Amino acid sequence: RAIFSPSPSRLPLVPPPALHTCQGLAPCLPEEGQVNTSGPRLLLATPHPASGSSAAMDGIFSTVLLSLLLLLQSYGVWGAPPQPRGTLCRTKPTDLVFVIDSSRSVRPQEFEKVKVFMSRVIEGLDVGPNSTRVGVINYASAVKNEFSLKTHQTKAGLLQAVRRIEPLSTGTMTGLAIQFAISRAFSDSEGARLRSPNINKVAIVVTDGRPQDGVQDVSARARAAGIEIFAIGVGRVDMHTLRQIASEPLDDHVDYVESYSVIEKLTHKFQEAFCVVSDLCATGDHDCEQICISTPGSYKCACKEGFTLNNDGKTCSACSGGSGSALDLVFLIDGSKSVRPENFELVKKFINQIVESLEVSEKQAQVGLVQYSSSVRQEFPLGQFKNKKDIKAAVKKMDYMEKGTMTGQALKYLIDSSFSIANGARPGVPKVGIVFTDGRSQDYITDAAKKAKDLGFRMFAVGVGNAVEDELREIASEPVAEHYFYTADFRTISNIGKKLQMKICIEEDPCECRSIVNFQTKVEELIDSLQR
């Protein structure tokens with residue numbers, strides 16, 4: 001956080017930028033020959049009520065199951081996930097302009113969240129005159145150029161400038177702001193570089209409402225000039241407007257969050273968008289003992305046949321045999337009305353895809369399933385089904401409860417019933433619980449969450465959308481950063497857990513983890529296919 005508090009004596013004195021109060025677009029157009037056609041990319045932020053949630057649940061469920069076996073990254077400054085060890089991510093030289101809605105519908109505390117989002121994105125960039133340059137346009141009824149691409153050449157200077165931005169609190173002239181970005185923000189006089197395959201031109205537009213002017217034509221001109229537009233919508237945003245603004249493919253360029261309180265969750269997506277992928281295995285920049293497998297911007301380690309990966313995620317141990325590891329796994333699934341029927345079907349689908357990756361038998365993995373809302377319902381206990389086919393059929397038949405969110409009551413049921421011998425749990429076998437939720441619990445969870453961990457259950461907490469991260473941490477086992485996961489966007493999933501660590505191995509014989517290793521490999525393949 002010290003990066004936001006440089007000594008005032010070292011801050012450059014920048015005169016306040018002028019307000020542009022054009023009533024229409026025409027008066028703001030540059031003189032002939034002055035329009036910059038260097039091809040900027042434009043990011044626009046506005047809310048999308050449904051698609052983001054579905055995608056988030058898709059990715060999150062697969063990744064959390066993989067996380068049974070893997071270490072999740074801990075959170076760094078401002079709570080943003082840092083790059084895992086082994087990551088080498090250089091940002092391609094970029095002219096980046098944020099176009100930020102500060103109309104009266106954006107409350108002051110919400111505008112502060114937007115500033116945190118911008119700061120987190122900037123923190124992940126290579127900032128400098130020959131790398132990434134950043135400008136910010138603040139708009140409401142008027143457009144204010146907070147600072148241009150040439151104003152600040154250091155990351156510390158940019159972060160300090162973002163802190164000083166104040167909301168305008170009037171109307172919502174989004175089209176005017178986009179026109180200003182084309183004609184002024186990305187012009188040579190404001191520090192934009194000539195169009196080149198080696199220079200990205202990007203604008204990120206964040207908005208929370210319906211614009212009071214047209215955006216379709218001006219956005220088309222921006223895209224024709226080579227601007228890549230990302231649209232982020234918040235709250236009651238007009239999705240049709242976002243699609244008119246954003247570049248193709250829309251799935252990659254339109255994002256929605258339900259409130260400003262979770263907008264910073266999109267940070268890592270945009271950091272990844274600016275990342276130049278490096279093949280760390282090919283360059284030798286890794287510490288794998290046997291096999292290095294490249295992933296976008298990072299790598300993972302694996303072992304040769306006859307060896308198993310150790311807990312450090314890089315060294316290997318020789319195997320002397322083993323028949324697979326026993327595991328009692330119970331899914332605790334939120335079936336509240338906020339999940340919505342179409343997303344609940346996605347949850348069922350991915351439970352079955354993970355079940356397909358397990359070695360299910362009386363001596364290996366057993367699976368149980370519990371759904372909760374205002375009450376708790378056991379769908380089937382551990383050991384009821386002896387093969388994957390029967391488990392998957394039972395999951396498909398599960399009906400959506402569609403009521404409240406009594407997470408505490410569900411955790412108590414997991415302790416008292418799901419992992420009891422009467423319900424199929426095996427003495428001496430590792431117990432793993434996966435709690436999935438998309439909102440705040442309506443009851444008290446502290447006592448039940450603590451008891452589950454005190455009894456030795458391995459608890460993973462998975463949240464999506466409006467899930468409360470403090471509650472996820474309370475549910476998760478220690479170390480907490482390795483046992484809880486939150487996402488607002490499916491496309492951020494690939495950046496989580498790249499540095500793999502085995503966590504369920506039986507220490508006395510690492511070869512007992514052979515089935516877990518197979519499970520890990522299959523789930524990784526599943527995530528890759530989902531992303532494609």
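Helix α12 (residues 407-418) and helix α13 (446-454) pack at an angle of about 30 degrees, with their axes 8 Å apart. Helices here are DSSP runs of H or I of at least four residues, strands are runs of E of at least two, and both are numbered from the N terminus. Axes are lines fitted to C-alpha atoms, for helices over the stretch in contact, and angles run from 0 to 180 degrees between N-to-C directions. The angle makes α12 roughly parallel to α13, where roughly parallel means under 35 degrees, roughly antiparallel over 145, roughly perpendicular 65 to 115, and oblique the rest. The crossing of α12 and α13 is left-handed, a word used if the near helix is turned anticlockwise from the far one by less than a right angle, with right-handed used if clockwise.

The model is predicted, and local features need pLDDT of at least 70, side-chain atom pairs count only at pLDDT 80 or more, while totals for chains, interfaces and linings use all residues. Residues are numbered from 1 along each chain as its sequence is written, and side-chain values use heavy atoms, with hydrogens and water left out.

In the pairing of α12 with α13, G408, L411, K412, I415 and D416 of α12 meet A448, A449, K451 and A452 of α13, contact meaning heavy atoms within 4.5 Å. By class, five of these residues are nonpolar, one is polar and three are charged. Ala, Val, Leu, Ile, Met, Phe, Trp, Tyr, Cys and Pro count as nonpolar, Asp, Glu, Lys and Arg as charged, and the others, Gly among them, as polar. L455 lies in the loop between α13 and β18 (458-464). From C-alpha to C-alpha, L455 is 8.5 Å from I415 in space, although the two are 40 residues apart in sequence. L455 is partly exposed, with a relative accessible area of 47%; buried means under 20%, exposed over 50% and partly exposed in between (1.4 Å probe, protein chains only).

On the α4 side the contact is made by G175, I178, Q179 and I182, and on the α5 side by V218, S219, R221 and A222. This contact has four nonpolar, three polar and one charged residues.

For helix α2 (residues 108-123) and helix α3 (residues 155-163), the axes come within 10 Å and cross at roughly 175 degrees, so α2 and α3 are roughly antiparallel to each other. K115, M118, S119, I122 and E123 of α2 touch K155, L158, L159, V162 and R163 of α3, a set of five nonpolar, one polar and four charged residues. Within α3, G157, L158, L159, Q160, A161 and V162 are buried, and the buried residues of α3 pack against α2, β4 (132-139) and β5 (143-147).

The structure also holds one disulfide, defined as a pair of cysteine sulfur atoms within 2.5 Å. It joins C288 to C301, with an S to S distance of 1.9 Å. C288 sits in the loop between α9 (280-283) and β10 (291-295), and C301 in strand β11 (residues 298-302), 13 residues apart. The link of C288 and C301 is left-handed, with -80 degrees about the S-S bond, and both C288 and C301 are buried.

Overall, the chain has 15 helices and 19 strands, and 58% of its 532 residues count as buried. Among contacts between residues at least 6 apart in sequence, 78% join residues at least 24 apart.
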